[in-house]
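Q: Please take a close look at one open space in this model, and then at what surrounds it.

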Amino acid sequence: MDKYKCLVVDQEMLIDDIYSLWVEAPELVRAAHSGQFVSVYSADKSRLLPRPISICDLDKEKGRLRLVYRIAGAGTLEFCSLKAGDSVDILGPLGNGYDMNCEKPVLLGGGIGIPPMLRLARELRDKGISKENLSVVLGYRDAAFLLEEFQEIATVYITSDNGAVGIKGNVIDGIKEYNVTGDMVFSCGPTPMLRAVKAFSEESGIRAQLSLEERMACGVGACLACICESTEVDDHSKVHNKRICKDGPVFYAEEVVL
């Protein structure tokens with residue numbers, strides 16, 4: 001984990017308020033893998049805290065990092081104005097990432113939790129998981145993004161809040177409607193979705209990994225601002241807490257209380 005000044009290679013708007021940013025970060029990229037995140041710093045020194053953004057993709061050959069993010073406030077609004085040739089300070093890679101010990105994975109991404117599923121899908125493919133055995137259920141609000149990239153490497157099922165794309169419903173509705181099966185569930189999305197994934201895991205007996213979303217301050221586990229309730233006593237805090245930025249952001253469903 002280090003802080004790097006990264007050169008912006010390209011940025012484009014995918015749909016309203018969602019942007020795809022590529023930067024050069026060779027050392028960071030060499031150490032990074034799916035499920036991790038980075039902290040992106042504002043050029044405005046009055047904004048002291050960086051913004052945590054999940055890793056969407058990595059180009060290992062060119063040493064490039066891809067971040068797909070939604071404008072959620074002043075910091076991300078600033079980032080969307082970055083263009084090729086600009087520079088941005090990034091700390092990372094941060095967090096633990098996914099455990100990919102499985103043969104028939106099911107990936108569930110909801111909203112801005114969809115982008116990190118893309119890198120995970122690529123790494124599972126590179127481990128030898130076929131397109132037929134790699135299922136991805138994407139839950140959109142009302143418009144699809146990154147869809148074609150997922151379809152190149154996985155069997156993709158689509159849901160949306162209003163039925164504008166795919167079936168109307170959430171990712172759990174999608175699993176049931178499309179009869180998706182597997183031996184491990186990987187998920188990232190808002191807490192209500194992850195709560196439903198945890199319940200599905202308990203009901204189906206299929207283990208699930210959850211990538212938790214939370215507001216963060218330091219991003220390195222020092223400030224205890226991004227804790228979640230855990231089922232076991234944490235070695236660091238000595239209570240039933242886990243630091244999402246340091247112990248996570250990925251946890252097995254049975255490890256956390258949502």
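How much space lies in the second largest pocket?

A: The second largest pocket holds about 230 Å³ of space. A pocket here is an open set of points on a 1 Å grid over the protein atoms alone, with protein on both sides within 12 Å along at least five of seven lines. Its volume is the space filled by probe spheres set on the points, which are joined across faces, edges and corners. The model is predicted, so local features need pLDDT of at least 70 and side-chain atom pairs pLDDT 80 or more, while totals for chains, interfaces and linings use all residues. Numbering runs from 1 along each chain as its sequence is written, and side-chain values use heavy atoms, leaving out hydrogens and water.

The lining of the second largest pocket has 17 residues. Lining residues have an atom within 4 Å of a point. Nearest the centre of this pocket are Gly110, Gly111, Gly139, Asp161 and Pro190. Strand β9 and helices α5 (171–178) and α6 (191–204) each give two or more residues to the lining of the second largest pocket. Helices (H or I, at least four residues) and strands (E, at least two) are DSSP runs, numbered from the N terminus. The largest share, three residues, comes from α6. By class, the lining of this pocket has eight nonpolar, six polar and three charged residues. Ala, Val, Leu, Ile, Met, Phe, Trp, Tyr, Cys and Pro count as nonpolar; Asp, Glu, Lys and Arg as charged; the others, Gly among them, as polar.

Next, the sheet that contains β9. Seven strands form an open sheet with mixed pairing, in the order β11-β10-β9-β8-β12-β13-β16. β11 (167–168) and β16 (250–252) are its edge strands; each has a single partner, so one side of each lacks a neighbour in the sheet. Two strands pair if DSSP finds at least two bridges between them. Strand β10 (residues 155–160) runs parallel to β11, and two bridges join them. In this pair, Thr159 faces Ile167 of β11. Pro249 sits in the loop between β15 (241–243) and β16. The loop between β9 (135–140) and α4 holds Leu146. Leu146 is not a glycine, yet its phi is positive, about 65 degrees. Most residues other than glycine have a negative phi, and most peptide bonds are trans. With a relative accessible area of 7%, Leu146 is buried. Buried means under 20% relative accessible area, exposed over 50%, and partly exposed in between (1.4 Å probe, protein chains only).

Of its 12 residues, 10 are buried, so α3 is largely enclosed by the rest of the structure. Among them are Met117, Leu118, Arg119 and Glu123. The buried residues of α3 pack against β4 (51–54), β5 (57–59), β6 (64–70), β8 (105–110), α4 (147–151) and β12 (184–188). Contact means heavy atoms within 4.5 Å. After α3 comes Gly128, with a positive phi near 105 degrees.

Now the other spaces. The largest pocket has a volume of about 840 Å³. Its lining has 29 residues, with Arg51, Pro52, Ile53, Ala72 and Glu214 nearest the centre. The lining of the largest pocket takes at least two residues from each of β4, β6 and α2 (74–79). β4 supplies the largest share, four residues. By class, the lining of the largest pocket has 16 nonpolar, eight polar and five charged residues.

There is also one cavity of 30 Å³ or more. A cavity is a set of points where a 1.4 Å probe fits but cannot get out. The largest cavity holds about 40 Å³ of space. Its lining residues include Val106, Ile175, Met184 and Phe200. Seven residues of the lining of the largest cavity are nonpolar, two polar and one charged.
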